[in-house]
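These are my notebook entries on one structure. I record what I looked up, in the order in which I looked.

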Amino acid sequence: MKDNKLAPKPAQSSYVTMTELVLPTDANGLGTIFGGKIMAWIDIAAAISAGRHARQVVVTASIDALHFKAPVKVGEVVHIKSAVNFAGRTSMEVGVRVDSENLVTGEMKHTATAYLTFVALDSKGKPVPVPPLLPDTKEEKRRYEQAQHRRESRMKLAEKLKEHED
Ligand SMILES: CC(C)(COP(=O)(O)OP(=O)(O)OC[C@H]1O[C@@H](n2cnc3c(N)ncnc32)[C@H](O)[C@@H]1OP(=O)(O)O)[C@@H](O)C(=O)NCCC(=O)NCCS
């Protein structure tokens, strides 16, 4: 990170909230939403967060394991919240939380949490530096620390997998 001279940016400038209504065309035969639909919303919210932080074109480099904790039914509302958790030299980890809301009862359910890595690219498709992230609140600092641990784990795993390729 020595060559990153960009001014740090607060985590808050990357905050995104998306609200979607689950339509019959989003559902499977059981009347609950397809996982892929939620994955698309997660990727969109996260891309906006990363783009707001980097102010560059960003691409999804990876998505960590994604577990769906509860089904979401047609007619329910899905809330997708995302923010940049950590910025490396050219990559950013974005955390996304998905909750569903039953409009009749008001019940909220945690549906999924996902961590995605985005890389900022120049016009030739080459990775370019992004501003360091400035976590402010206790929660943002916790996310920043945990994101660093996940980044280290990803790098170790990538190295191990490469050893097996050679
Ligand atoms: C993501 C991509 C730009 C990385 O290119 P690369 O040549 O491997 O880049 P580098 O090795 O220089 O790594 C650049 C950064 O990306 C990170 N990175 C690369 N691959 C990664 C992966 N699979 N997961 C997480 N981070 C990754 C590196 O750690 C590095 O981070 P840092 O600068 O913050 O330290 C390239 O693999 C790509 O273009 N992939 C396709 C992306 C795309 O089209 N996505 C849409 C869906 S297909």
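Leaving aside neighbours within four places in sequence, Val-96 is in contact with Ile-42, Ala-45, Ala-46, Ile-80, Lys-81, Ser-82, Thr-113, Ala-114 and Leu-116. I note that this is a predicted model, in which local features need pLDDT of at least 70, side-chain atom pairs count only at pLDDT 80 or more, and totals for chains, interfaces and linings use all residues. Residues are numbered from 1 along each chain as its sequence is written.

I counted a residue as buried if 20 or more other C-beta atoms lie within 10 Å of its own, with C-beta atoms placed from the backbone. Of the 33 residues in this core, Ile-42, Met-92, Val-94 and Val-96 touch the most other members. The elements that give two or more residues to the core are α1, β4, β5 and β6. Helices (H or I, at least four residues) and strands (E, at least two) are DSSP runs, numbered from the N terminus.

I next examined β5, where eight of the 11 residues are buried. For strand pairing I required at least two DSSP bridges. β5 pairs with β4 in the antiparallel sense over 10 bridges, and the two form a hairpin with three residues between them. Met-92 in β5 is the bridge partner of Ala-87. β5 also runs antiparallel to β6, joined by 11 bridges. Here Asp-99 stands opposite His-110 in β6. The hairpin of β5 and β6 has six residues between the strands, and Gly-106 in the turn has a positive phi of about 80°.

I then checked helix α1. Its 20 residues (35-54) should span 28 Å at 1.5 Å a residue, and its end C-alpha atoms are 28 Å apart, which agrees; the expected span is 1.5 Å times one less than the number of residues. Its buried residues include Ile-38, Trp-41, Ile-42, Ala-45, Ala-46 and Ser-49. What covers the buried residues of α1 includes β3 (57-63), β4 (77-87), β5 (91-101) and β6 (108-121). Arg-55 follows α1 and has a positive phi, near 50°.

Key. A residue is buried if 20 or more other C-beta atoms lie within 10 Å of its own, exposed if 12 or fewer, and partly exposed in between; C-beta atoms are placed from the backbone. Two residues are in contact if their C-beta atoms, placed from the backbone, lie within 7 Å. A nonpolar core is a set of buried Ala, Val, Leu, Ile, Met, Phe, Trp, Tyr and Cys residues joined through C-beta atoms within 7 Å.
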